[in-house]
Amino acid sequence: MQKQVRAWLEDGKVDVFLAYKMDCGHPLPHAFTRERIDETEDLVTGPARYSLEKFATQIAARHPEKKIGLLARDCTQRALNVLAVWNQLPAEQVEPLPVNCCPSALKPHADCTYLEAPATGEVKIQCGQDPRQSIEAVDAQEGPERFARWMYEFQKCIKCYGCRNICPVCFCKDCSLEHPDLIGTGNLPPDIPIFHLVRAVHMAGRCIDCGLCEDACPAEIPLRLLYGKVNAIVKDLFDYDTGASDALSPFSILGDKPTLTPAPLLAVSQE
Amino acid sequence: MAGLAAAFGSGAMTNSYDDLETAGCFFVIGSNTTACHPLIARRIYRAKERGAKLIVADPRGIQLSSMADLAVNHRLGSDVALLNGMMHCILRNGWEARDYIDSRTEGFAELEAAVADYPPERVQAITGVAVRDIEAMADLYANHGPSALLYAMGITQHTTGVDNVKSCCNLALLCGYVGAAGGGVNPLRGQNNVQGACDMGGLPNVFTGYQPVTVPENVEKFSQAWGRPLSDKPGLTITDMVGAMLDGRLRALYVIGENPKLSDPDWNHLHHALKKLDLLIVQDLFLSETAQIADVILPAAAVAEKDGTFTSSERRCARIHKAVEPVGQALSDWEIISRLSTAMGYPMEYAGPSDIFDEMASLTPKSYAGMSYERLGLDGLQWPCPDSDHPGTPILHTQSCARGLGKFHAIAYQDPAEMPDQEYPYFLTTGRMFAHYHTGTMTRISPHLDAEQRRGYVSIHPADASKLDIADGDLLVLASRRGEMEAPARVNANVQPGCLFMPIHFGENPANVLTNAEAYDPLAKIPEFKVSAVRVAKAPEARP
Amino acid sequence: MTLKFVPSICSYCGTGCGVLFQVMDGQLVGTLPMKTHPVNQGKLCIKGWNLHEHITSELRLKHPLLNTFGRMTKVGWDDAIGFAADRLKTIVAEHGPDSVGVLVSAKITNEENYLAQKFARAAVGTNNVDHCARL
Ligand code: SF4
Ligand code: SF4
Ligand code: SF4
Ligand code: SF4
Ligand code: SF4
């Protein structure tokens, strides 16, 4: 891995390579460059995970001429597809170096997060949504119960905007979550469930299920499950697998009648 | 601080965040945790979802209340009565930790006698909390232990602040939770390095590590180390300084990184005092309200522009690293202080913060002596860390308290200094909101934080609003015995009827025009920020 | 093109969350939660996420200023320090060291707090040191 990155930098395949480097026992994101090529000897691939693709997008916005290499887990690869579809990061500007991550025969456990996945508390199983559930299990809940369970989760929100800030595919200049006419300001919890549903709608055809948002949520709201549901609907309606390829999103060419109906939302939240 | 030190011998959070998650029950009083310490609230969420109980006592409805097993709104300033009532119930039911009380505490008989006067019926009359709820609180706290008690400025910013804290300590000692994992008495610090400022001797009566200036050996040690004879006479607290400025005893003030004009409880009073100074030096990031009236203004470097350490609420001393050069000609505070000192004829020459840290650690044997930049790494260390092999201390007082035995204090309830009356019929309390910090100098210029709340406001209960014909957004005039100010109304049911709330961050609606500087805790000198009596009406222009 | 991530501590509240300052081309462009920090475990609140904004604000003080009869004048460091030191020395000489007070801060580092109280106690000679956090 280190050798590969070194070679890429040396022969100019990439100008910068995004990976991790240990600092006092903490893996921190690091941009490796030709100028300090010896640092590649300290390159590590994890275990912590930052949004490297987001950093790549930020570099590309400033330096369209630079070639950017990065460690790419499966979800990173999906994010790169979506970022290319939405014209945020041209595919030819990035050079992903695959790392094995999602479950496989060799590696049965997903190491999405550096933390031991804690057992879900019994109270959360009683009142909230267990993040380990399948989407089908959530669908199987009675409407009012499902709504109450989601509202239990949402009312813990401390409006940190971390879910949006960390998300590789949240790149809008003016974010609807900060639009005072849409979502009231200055309150905790924020207007619920609107705050969370606005974001959920935006993730249709966009969220690549990397889990960074859930990982960054101080309130431990099972956001991945919520956006997973939204994208299951997208799959149902449009047969579109978000991030699986660079095929255009069903929402990227909205006609005069937007195809995004409120129906999917209602199915998730209120009956 | 003073209260904690009197009870246990050390004025800091007894437990740490990781350890909080092991609590069987949380008792959160006077802390709007999700807004002011969100990442500590997260620990409460996690423990709660695992099955821990949660009791919330706050004069306002707060976000945590909606998750609580029991949430009560006690009347402003009635904390001591509420806590005494809980202890009364615990003793009446025999839920106290007898063995612990016998072996590790003193003063129990006095406490028992004092709380005997607080049967729940009487406490209900004082606090407005139902007898049934007081009993239930006592039950949850005593019988689902270990219970962690968390408090913030809602407990300390009162004339009875020290009494409030001592009462919290009494409760925790009574159930044997001090020194226990998942228990303890945990003050949450409002500003990032309050703990550090106190640890470093930023107090008139102690050197670093709380070594009193009145102990001759300490004065001797520091005089030697610093090469100057030092004074053994305790200095003035900030509250006394204001008085000394007014009568001319204090002529010059050097203010570093603070904006007392907005954080002091009485704006008019302080404004006069500062105006009387011969010399006011302010060193800050911004031209704050205080800097605007200074004679000399020194631009300081911000957090990403310098190296150093901060000490958090859980006594964790951790490193900050320089990421960028300071803006303009700004310099790190340590460089400015060194230059000024050298110009005053007392040379300070340090190669960098690491040298200063080592000098400090060598003079602070019990708490910081074992720390160095190298050992701190990125995780930091929790004091006490007395020698270089010591791993740091996540939980204080595990074997015995720092002062030996934990001390009970018999505390009687006292009304706040100012109660509503005919002329000023409303209670006013102050606090923070989630997107802003302290006097707002740092947060209000931050576009994303400013967007959350641009202006000050006054929260008023819908019942009071309709009585006074006030609608959401109307401009109100508030008046107290000290001054008058305007702010727009925000009608919401989180405040109790008869009670108003204002955030403290907004200089153009300075809440401290109204609050009470004359009234402060006699020991801790923390002013009564949380309770004052006001009257309120729609602003005249707003009338049709 | 340069990009680096510098570990630090959030300076807003007393919780002490670990952050990474994101510096691109020498400019501070963002704040991220440090994923493996024992305090915040990869999460931040709204203040932490926007920590860099106050640092890069246009409103930062960039030069020492002297205020003469309500007019602010930009001066160099030597002038500002010289002026402050002379005035302080005069006041100490005329009214004694206890006529000077120093307010330290919960926003500056431990090292700086240590120096500030050392300044008051050794350079000026007074124990009039306090911080606003009791307020
Ligand atoms: S989603 Fe998780 S397990 Fe899958 S590739 Fe990404 S980090 Fe790895
Ligand atoms: S899982 Fe979360 S962070 Fe990842 S793409 Fe989806 S919404 Fe964004
Ligand atoms: S939440 Fe929606 S508006 Fe905001 S950045 Fe993400 S996609 Fe854009
Ligand atoms: S990360 Fe969680 S707490 Fe923060 S805004 Fe998103 S949902 Fe709310
Ligand atoms: S991120 Fe939020 S909770 Fe953490 S230290 Fe900063 S202000 Fe406090």
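This is a predicted model: local features need pLDDT of at least 70, side-chain atom pairs count only at pLDDT 80 or more; totals for chains, interfaces and linings use all residues.
**Extent of the interface**
- On one side 31 residues of chain A take part, and they are in contact with 24 residues of chain C.
- The size of an interface is often given as the accessible area lost when the parts come together.
- For chain A and chain C the buried area is about 2300 Å², with 66% of it on carbon and sulfur atoms.

**Polar and charged pairs**
- Between chain A and chain C the count of salt bridges is 2.
- A salt bridge joins Arg62(A) to Asp25(C), and the closest N and O atoms are 3.3 Å apart.

**The side of chain A that touches chain C**
- Two strands, β1 (16-23) and β2 (26-33), each supply at least two residues to this side of chain A.
- The helices α2 (52-62), α7 (162-166) and α9 (212-216) of chain A also each supply at least two.
- With 6 residues, β2(A) gives the largest share of the side that touches chain C.
- Sorted by class, this side of chain A has 19 nonpolar residues, 6 polar ones and 6 charged ones.

**Surroundings of ligand 2**
- Ligand 2 is surrounded by 13 residues.
- The closest of them are Cys167(A), Cys207(A), Cys210(A), Gly211(A) and Cys213(A).
- The shell around ligand 2 consists of 10 nonpolar, 1 polar and 2 charged residues.

Key: Residues are numbered from 1 along each chain as its sequence is written. Chains are lettered from A and ligands numbered from 1 in the order in which they are written. Side-chain values use heavy atoms; hydrogens and water are left out. Contact means heavy atoms within 4.5 Å. Buried area is the accessible area (1.4 Å probe) that two parts lose on being put together, summed over both. A salt bridge is a side-chain nitrogen of Lys or Arg within 4 Å of a carboxyl oxygen of Asp or Glu. Helices (H or I, at least four residues) and strands (E, at least two) are DSSP runs, numbered from the N terminus. Ala, Val, Leu, Ile, Met, Phe, Trp, Tyr, Cys and Pro count as nonpolar, Asp, Glu, Lys and Arg as charged, and the others, Gly among them, as polar. A residue is near a molecule or strand if one of its heavy atoms lies within 4 Å of it.
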